Amino acid sequence: MLPELEINKDFEQLKYNVKELLNFNTFQYKDTYLGRRFASRLRALHLDTYHDYWEILKKDINEQEKLLQELTINVTEFFRDSPVWDVISSDVLPTILKEKQGKIRMWSAGSSDGKEAYSIAMMCAKILGENELFNKVEIIGTDIDRDCINHAAGGKYISRPGLIQTDIKKQLSFIVTPEKFFDITGDVFQVKHSIKKIVNFEYHDLISGSKKHNYDIILCRNVVIYFTRQLQEVLYKDFYDALNHGGFFIMGKTETLVGEARNLFIPYNLKERIFRKG
Ligand SMILES: C[S@@+](CC[C@H](N)C(=O)[O-])C[C@H]1O[C@@H](n2cnc3c(N)ncnc32)[C@H](O)[C@@H]1O
């Protein structure tokens with residue numbers, strides 16, 4: 001059986017073929033990451049070589065979809081890593097709400113099925129009240145996984161107790177009154193219209209997509225970690241450029257700022273990986 005990662009000629013060829021076939025830029029992801037994702041599909045199909053895998057992949061649309069799903073790990077939660085949400089709620093949002101006159105624009109980059117974008121929307125609603133919310137806040141969630149974008153836009157989540165990622169009830173224990181923000185029927189949690197109307201979702205590839213501008217808060221958590229160091233440097237600078245003066249950049253718990261952006265951003269809360277554009 002194939003080891004977790006064997007970088008050989010076939011591996012490089014598969015990377016190239018996947019990029020051409022699926023328009024997924026494999027060359028910007030870490031080899032260790034790709035190796036694990038490919039190995040998982042090879043195991044599922046009981047194959048031993050990248051070459052054999054390619055022979056199936058090029059003909060089988062189902063397998064192409066499965067590989068894309070494998071490559072875009074979508075794990076997410078409402079209020080994932082709760083300590084950072086404490087700081088967003090007690091410091092980041094009150095500061096930006098006090099300082100900014102017009103509408104506050106937020107971007108959840110790599111938003112998966114939307115839980116991060118809705119989490120910050122609910123937090124804004126808690127602080128501002130639902131009437132003010134629409135005039136004051138606008139949120140966009142972007143991702144390269146189209147299924148995720150569609151799921152996010154529908155705003156419907158099913159709670160399956162057991163795994164934390166699927167246990168919506170547990171995730172929402174962060175907020176005292178989830179019924180204010182969801183229509184809840186049994187295990188089905190439907191985000192209310194008052195929250196949905198300030199959040200939009202769209203397809204956007206952080207690697208090749210257009211540059212974005214004029215944001216006051218950007219969350220990009222648990223996405224960039226899979227990219228090469230060179231690409232991370234470019235993206236962190238892109239996020240810096242995309243922020244308004246005084247804007248906040250919020251990273252994932254295990255991520256580290258690298259490149260030029262490291263000297264440009266002002267640390268705001270290092271423990272929770274929150275930075276500010278001075
Ligand atoms: C692990 S999830 C993180 C979701 C959320 N930010 C969180 O921290 O809970 C990573 C997401 O990044 C997306 N992603 C991967 N490569 C991307 C790219 N090049 N452009 C945009 N999104 C990407 C994946 O589709 C996936 O939904």
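I began at the ligand, where a polar side-chain atom of Asp143 lies 2.6 Å from one of the ligand's oxygen atoms. I keep in mind that this is a predicted model, in which local features need pLDDT of at least 70 and side-chain atom pairs count only at pLDDT 80 or more, while totals for chains, interfaces and linings use all residues. Residues are numbered from 1 along each chain as its sequence is written, and side-chain values use heavy atoms, with hydrogens and water left out.

**Entry 1, the ligand**

I looked next at Arg80, which has a polar side-chain atom 2.8 Å from an oxygen atom of the ligand. At Arg221 I found a backbone contribution instead, with a polar backbone atom 2.9 Å from a nitrogen atom of the ligand. Taken alone, the ligand exposes 610 Å², and the protein buries 98% of that; these areas come from the Shrake-Rupley method with a 1.4 Å probe, and for residues only the protein chains shown count as cover.

I noted 21 residues around the ligand, the closest being Tyr29, Thr76, Arg80, Asp143 and Asn222. By class, the shell has eight nonpolar, seven polar and six charged residues, where Ala, Val, Leu, Ile, Met, Phe, Trp, Tyr, Cys and Pro count as nonpolar, Asp, Glu, Lys and Arg as charged, and the others, Gly among them, as polar.

Most residues other than glycine have a negative phi. Asn222 lies in the loop between E7 and H11; helices (H or I, at least four residues) and strands (E, at least two) are DSSP runs, numbered from the N terminus. Asn222 is buried because its relative accessible area is 18%, and I use buried for under 20%, exposed for over 50% and partly exposed for values in between, with a 1.4 Å probe and protein chains only.

I found a positive phi at His46 too, of about 55 degrees, and His46 is not a glycine either. His46 sits in the loop between H2 and H3, and with a relative accessible area of 66% it is exposed.

I took helix H2 (residues 31–44), whose 14 residues reach 20 Å from the first C-alpha to the last, close to the 20 Å expected at 1.5 Å a residue; the expected span is 1.5 Å times one less than the number of residues. Its buried residues include Tyr33, Leu34, Arg37, Phe38 and Arg41, and the buried residues of H2 pack against helix H1 (9–22), H3 and H4, contact meaning heavy atoms within 4.5 Å.

I then turned to helix H11 (residues 229–242), which has 14 residues and spans 20 Å between its first and last C-alpha, close to the expected 20 Å. Leu231, Leu235, Tyr236, Asp238 and Phe239 are among the residues buried in H11, and what covers the buried residues includes strand E1 (104–109), strand E7 (215–220), strand E8 (243–251) and helix H12 (261–264).

I looked up Ser194 in helix H10 (residues 193–196), which counts as buried because its relative accessibility is 18%. Leaving aside residues up to four places away in sequence, Ser194 touches Glu130 and Leu133. Its side chain makes a polar contact of 3.3 Å with the side chain of Glu130; a polar contact is a pair of N or O atoms within 3.5 Å, where within protein one must be able to donate a hydrogen and the other to accept it, and residues adjacent in sequence count only if both atoms are side-chain atoms.

I moved to Lys58, in the loop between helix H3 (50–57) and helix H4 (61–71), which counts as partly exposed at 38% relative accessibility. A polar contact of 3.3 Å joins the side chains of Lys58 and Glu55. Not counting residues up to four places away in sequence, Lys58 touches Leu21 and Gln64.

Methods. A residue is near a molecule or strand if one of its heavy atoms lies within 4 Å of it.
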